[in-house]
Amino acid sequence: MSEAQQYEHEPVPFTCTECASGLMHLRFITYFTWLNEELLTVPNFPSWICDMCGRREYDTKAVSWLTMLLDPNAGKPTQRKRVSPRPRVRPSSRRRPSPDQS
Ligand SMILES: [Zn+2]
């Protein structure tokens, strides 16, 4: 059994950006992150670890996936997707608390 089975293609080791001589290999470690004021731990989180200097980089796809899971509005505080458009919205009767300024 391979731990990389959840990937559609086999992860390819790449040159470390820190020491430029080692190779980053995919490992599954425990991911620590702060959610508000709670320390969250995610076991078996895909990360890239250098075999020379030990530099760790969490897999960016997995991180964004996790961020999305934890907070769908993360990174976009004012913009929201219109997932459920309401057919009977009367704009004149609704007051928006903050104007659209970007
Ligand atoms: Zn390295």
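The model is a predicted one. Strand E2 (residues 23–35) pairs antiparallel with strand E1 (residues 14–15) and, likewise in the antiparallel sense, with strand E3 (residues 38–50).

**Strand pairing**

- Strands E1 and E2 are joined by two bridges; threonine 15 has leucine 23, in E2, as its bridge partner.
- Eleven bridges link E2 to E3, and leucine 26 is placed opposite tryptophan 48 of E3.
- The hairpin formed by E2 and E3 has two residues between its strands, and asparagine 36 in this hairpin adopts a positive phi near 55°.

**Positive phi outside glycine**

- Alanine 20 is located in the loop between E1 and E2. Its phi is positive, about 60°, although the residue is not a glycine.
- Alanine 20 counts as exposed because it has 10 C-beta neighbours inside 10 Å, and 12 or fewer is the cut-off for that class.
- Asparagine 44 belongs to strand E3 and, while not a glycine, has a positive phi near 55°.
- With 12 C-beta neighbours inside 10 Å, asparagine 44 is also classed as exposed, since the exposed class includes residues with 12 or fewer.

**Helix H1**

- Lysine 61 is part of helix H1, which spans residues 60–70.
- Lysine 61 has 10 C-beta neighbours inside 10 Å and therefore counts as exposed.
- The C-alpha atom of lysine 61 is 9.3 Å from that of proline 46, and the two residues are 15 apart along the chain.

Note on methods. Residues numbered from 1 in each chain as written. Predicted model: local features only at pLDDT ≥ 70, side-chain atom pairs only at ≥ 80, totals over all residues. Pairing = 2+ DSSP bridges. Helix = DSSP H or I, 4+ residues; strand = E, 2+ residues; numbered from the N terminus. Buried ≥ 20, exposed ≤ 12 C-beta atoms within 10 Å, placed from the backbone.
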